[in-house]
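Student: I am new to this structure. Can you show me how to read its features?

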Amino acid sequence: MSRDVAVIGAGMIDFGELFDQSLDDMAEGAYLAALDDVDDGIEPDDIDAGWFGTIDIAGNASSGLGASHPTGLFGIPMARVENACATGSTAFRSAVESVRSGSADVALVLGAEKMRDSAAGLIEGAALDQVWRGRGVTMPAFFGLRATRHMHDYGTTREQIAKVSVKNHENGSKYPHAHYRFTCTVDEVENSPTVTYPLNLYDCCPVTDGAAATIVASEDVVDSYTSDPVWVRGSGLSSDSLLRAGNEALVGFPASAQAAEQAYEQADIGPDAIDVAEVHDCFTITELVTYEDLGFCAKGEGGELIDEGVVELDGEKPVNPSGGLLAKGHPIGATGVAQVNEIYEQLRGEAGDVQVGDDPTWGLQHNIGIGRNATGSVSCVNVLSTER
Amino acid sequence: MHEPPHWRDRAQNERLVARECGECGYVSFPERREICKRCGARPEWAEVQLAERGTVQSYVVQNRLPDAFETPLPLAVVDVPQVGGGEPARVYGLFTETDPEDVSVGMEVEADLREIFDVSGLPVHSFKFKRPRGDRL
């Protein structure tokens, strides 16, 4: 038994430094927004199962109970999903799989992360032992290593990398849920303080609180909720490690290419079919190499793709119309869920000031998580379409 | 005296001991698993000694780290050859005694055994990389 699965509702709260909201407050807000978003209405009792995406930075949501409490959904299967920075999209994938398999007709995905409840900061507050176990490799170092080698191998310029930040901040300035709404120039990116050479402050996503929720339903029940569903046509998930891959892992993420291949194969399309994408730009260089890993251009040509304007809001393949993680923020468990919601809005023509043109039919969502002492990545790719 | 996680990893951390897959030649360091990560076989593993030098494959310079680190701190992916030939091991390496401006892709580096941190006063030793003495400007 394998059934078609559609997104029928999506909700998120405005991302930001939300000192006045607890993890439960944020999760509740996103859940209620998703319920209210369902065109023809939905009752909480209709939800058969829930997946809660969080890496539990706040330290009080280590199980599915973290989603039961803010939603009032008890007495049904609820589980927490964690997959580093790919947590949100992995939770979405889990919900889709449960509906596809027939174990649920309607499933909830709830992603939330309280990033700003600690005064110490993520890097400076990290346990020394853990930092050393990863040989001192912090997140900007892990991604910055790809930038250095990409510039060395392909002649990618600092300016091309900075343009990712300029583009995403321009988009984020128009997106109501974004944490940062300012715009910036290439000069400002290149002259912002160095975090980890070659990456500067404006190459890095901010530390942001947030929550997002998505409701998916099977082909058997979708008509009772909406006449305008967005179908989940492909879902890929893969892992790879610097310790086993070749030099391709120094200039990109093999797990992303593997996850994309799985998703494209299920959807029976290639990368050229994608009209709009929300991809993992935790750092500028991450987005640039992801163009290549997803097949939007050949390996080494990410810099040219951004120079040519292809990925701009009005380009032929807009990437991160929401402003991406760089402007919108990266509340880890919520990030992938919010990206799915943004693609859902784009494909329904509801994306407001960041709506891309030409009635997009196919959208792609992509997350990368790093882990295991910073040796590798897990990547998740979901492909959505207005076509069933 | 060592805390258990560091006691378990002493051979890799302190003596640069790695293992080579008898099927595909992959060098596993610091992990010591039965199944080869690269070819998927369950091979005979040969214990091999890594050289105390290597070649920088990529690098960054970290400026924001916990207080216990001196910054700016270069960090690299380094290919470390085996003593006596075969494939190199690919490792993360922190630098010491090296001007961040001097680090580049392709540069040769030396490995030095250092105390890298302590856990509750118990020292943990491992290798750090530096520009070879003869090459200093």
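Tutor: This is a predicted model. Start with helix H5(A): 13 of its 16 residues are buried, so H5(A) is largely enclosed by the rest of the structure.

Student: What span does helix H5 of chain A reach from its first C-alpha to its last?

Tutor: Helix H5 covers residues 139–154 of chain A and reaches 23 Å. That is close to the 22 Å expected at 1.5 Å a residue.

Student: Which residue follows H5(A)?

Tutor: A:Gly155 follows H5(A), and its phi is positive, near 70°.

Student: Which residues touch the most other members of the largest nonpolar core?

Tutor: That core has 160 residues. Those touching the most other members include A:Val7, A:Ala95, A:Val216 and B:Leu75. Helix H12 of chain A, residues 332–347, gives the most to this core, with eight residues.

Student: Leaving aside neighbours within four places in sequence, what is A:Val216 in contact with?

Tutor: Its contacts include A:Val5, A:Ala6, A:Val7, A:Ile8 and A:Ala95. A:Val232 is also among them.

Student: At what angle do helix H6 and helix H9 of chain A pack?

Tutor: The angle is about 100°, with the axes 8 Å apart. Angles of 65 to 115 degrees count as roughly perpendicular, so H6(A) is roughly perpendicular to H9(A).

Student: Which residues make the contact?

Tutor: H6(A) brings A:Ile161, A:Ala162, A:Val164 and A:Ser165. H9(A) brings A:Thr284, A:Ile285, A:Glu287 and A:Leu288. By class, the contact has five nonpolar, two polar and one charged residues.

Notes. Residues numbered from 1 in each chain as written. Chains lettered and ligands numbered in written order. Predicted model: local features only at pLDDT ≥ 70, side-chain atom pairs only at ≥ 80, totals over all residues. Helix = DSSP H or I, 4+ residues; strand = E, 2+ residues; numbered from the N terminus. Expected span 1.5 Å × (residues − 1). Buried ≥ 20, exposed ≤ 12 C-beta atoms within 10 Å, placed from the backbone. Core = buried A, V, L, I, M, F, W, Y, C linked by C-beta atoms within 7 Å. Contact = placed C-beta atoms within 7 Å. Axes fitted to C-alpha atoms, helices over the stretch in contact; angles between N-to-C directions. Parallel < 35°, antiparallel > 145°, perpendicular 65-115°, else oblique. Nonpolar A, V, L, I, M, F, W, Y, C, P; charged D, E, K, R; others polar.
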